[in-house]
Structures are given as structure tokens and as C-alpha cells.
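User: I would like to go through the terms used for this model one by one, with the value and the cut-off behind each of them. Please start once the structure is shown.

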Amino acid sequence: MHPRLLTTPFFTLYTFGLLLASAYLAAFWWLTREGRRERLNVDALTSLGFWAIVGAIVGAKALMILRDLPQYVAAPSSLFSWSVLSSAGDFYGGFIGALIAAAIFFWRDSRLPFWRAADLCGPAIALGQAIGRVGCFMAGDDYGRPAHVAWAVTFTDPDAASIGGAPLGVPLHPVQLYESIACAVLFVVLLWLRRRKQFDGEVILSYTLLYAVARFVLEFFRGDADRGFVFGGLLSTSQFIAVLLAPVAIALWMARRRAHPKGSASS
């Protein structure tokens, strides 16, 4: 793959960094574009987007650190290492961080209807993930398990090992592309659902449930051990969080559906 897109005597442009930035920008663009179409307060949506992005960045790194807390406690200076500062962190940490940041935003600012705005965020997140996971693939990050399938990929660039951690010369499941494709499909499904939703909140809750199911399955194809495990390795960290989020999403979906039995969407 191509972890370094451009190298000059003055700076290096990393493919993952570029695509991660593109993912955030695409999600932000989608959020504000659709907000205008729904005649929501675009200034408030812009503020919400910034709050969510900052929360996602902080939350992603926080969960990454929490996963390996003993390591960082033993060597606190590693918290400020380049590998930590340049890492995108854990997606679910970013998702939870964005939720917390959004909750703070809505507590401080009442210009937006909560559930209508949240429904715009579902497709935006899926779109960003579809782009961002390609960046992971290019960097050899979040790599897959050894595979003997026709579409297996073999990393040969030393940077893929030093930057992303991928083993070289070993055919692997391109799990990053699996997730990118899954999120692209999820994006399309959410667009379809958004035009037919029965109540506000249906889109974001559907995203939360469907992605949790997809992520739980995709984790079985992952080969990077540093993603963290719980219960003695029974579940990865992301599978554990997915197991927690799925029933919460179902319960909220049912509660919102009961509150609008005639399909009258409202905030």
C-alpha cells in the first residue's frame, strides 16, 4: 500500500491523515448540506459538527489509552509520543466522545430539534467511516487476519509495518475495505430510510444498531491484537461496546415508535 502519499525535505503527507481529514470534511459537508434542505439552523448545525468532531477526536484517543492503561501508567511520557498523537484512536471511543460532546452542545444550545438533527448525523457518520477506513487500508492500520481467499492482500511496504503495524509478506483479509464497503452500503440504506422514516430518531438509532451488528461481525476478521479484548479475550473491545449499544438502540427505537404510533415524525 502507500502509507506516505508525498515525501518532501520539509514535510510528509500521510495517506491515512489525508483520508481521515477527508472523512471528517465529508461528514461535516453532508450534515450542513442536508440541514439546509430541511431548513434547520445551519449555524447551529455547524457548531454541532465542530463539537462532535472535537469530541470524536478526544474520545477516540481516550479509549485507545484506556485499552492499554497499564502501559501508559508505567510510562506516562508515552502519552505524548508521536504514535499516540498521530493515531486516530478507536472509532467507538470517538462515537461515544461525539455523543457526549453533542449532549453538551444541546444542553447549551436549543436552536436545533434534537432527534431531527441526530437523524442527519447517521448518514454523515457512515459516509465518513466509508472514506476513513480506506485510509486505514492504505496505512496498513487495523489490518485483518491471515487469509487464503482470492482477494487477500499482502503488505510489502516497510511503512505499513512501522506506521500501521501490519505484518509484511502475509496474505490478510482486507478487513478495512470490508468495513468501508459495509459503511457505504449503510449510508445508502440510511438515505432510503430517511425518506420513509416513521418518527424522528429512527435513522440515527438504525445506524447505531446496524453498525453495531456489522462491527461485531467484522471484528472476527481483524488481526490487530492492540484493539483490545475483554473477558479473557472472549470479545474485542469494540464487540463489547457493540453488544452494549445494540439493545440500547433497540429500546430507544421501540420507545420512540410507541410515542408516534401513527408515524408522525416530530422532534
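User: Why does His-173 count as buried?

Analyst: His-173 has a relative accessibility of 13% and therefore counts as buried, since buried means under 20% relative accessible area, exposed means over 50%, and partly exposed lies in between, all with a 1.4 Å probe and protein chains only. This is a predicted model, in which local features need pLDDT of at least 70 and side-chain atom pairs count only at pLDDT 80 or more, whereas totals for chains, interfaces and linings use all residues. Residues are numbered from 1 along each chain as its sequence is written, and side-chain values use heavy atoms, with hydrogens and water left out.

User: Where is His-173 placed, and what is it in contact with beyond its neighbours within four places in sequence?

Analyst: His-173 sits in the loop between strand S4 (171–172) and H8, where helices (H or I, at least four residues) and strands (E, at least two) are DSSP runs numbered from the N terminus. Contact here means heavy atoms within 4.5 Å, and, with neighbours within four places set aside, His-173 is in contact with Gly-144, Arg-145, Pro-146, Ala-147, Val-149, Trp-151, Tyr-178 and Phe-221.

User: What makes Asp-90 and Ile-204 count as buried?

Analyst: Asp-90 has a relative accessibility of 5% and so counts as buried; Asp-90 lies in the loop between helix H4 (82–86) and H5. Not counting residues up to four places away in sequence, Asp-90 touches Ala-60, Leu-63, Met-64, Arg-67, Arg-227 and Ser-238. Ile-204, which belongs to helix H9, has a relative accessible area of 12% and is therefore buried. The contacts of Ile-204, its neighbours within four places left aside, are Trp-115, Ala-118, Asp-119, Cys-121 and Gly-122.

User: Why are Arg-39 and Phe-231 called exposed?

Analyst: Arg-39 has a relative accessible area of 77% and is therefore exposed, and Phe-231, at 58% relative accessibility, counts as exposed as well. Arg-39 is in the loop between H1 and H2, and takes a positive phi of about 60 degrees although it is not a glycine. Phe-231, in the loop between strand S5 (229–230) and strand S6 (235–236), has a positive phi of about 55 degrees, although it is not a glycine either.

User: Why are H1 and H6 described as roughly antiparallel?

Analyst: Axes are lines fitted to C-alpha atoms, for helices over the stretch in contact, and angles run from 0 to 180 degrees between N-to-C directions. Angles under 35 degrees count as roughly parallel, over 145 as roughly antiparallel, 65 to 115 as roughly perpendicular, and the rest as oblique. The axes of H1 and H6 come within 8 Å and cross at roughly 165 degrees, and H1 and H6 are therefore roughly antiparallel to each other.

User: What makes H5 roughly antiparallel to H9?

Analyst: Helix H5 (residues 91–108) and helix H9 (residues 202–218) pack at an angle of about 165 degrees, with their axes 13 Å apart; that angle makes H5 roughly antiparallel to H9. In this pair, Phe-91, Tyr-92 and Phe-95 of H5 meet Tyr-207, Thr-208, Tyr-211, Ala-212 and Arg-215 of H9.

User: How do you know that the span of helix H10 agrees with its number of residues?

Analyst: At 1.5 Å a residue, the 23 residues of H10 (residues 237–259) should span 33 Å, and the end C-alpha atoms are 33 Å apart, so the span agrees. Buried residues of H10 include Thr-237, Ser-238, Ile-241 and Leu-245, and what covers the buried residues of H10 includes H2, H5, H6, H9, S5 and S6.

Definitions and conventions
The expected span of a helix is 1.5 Å times one less than its number of residues.
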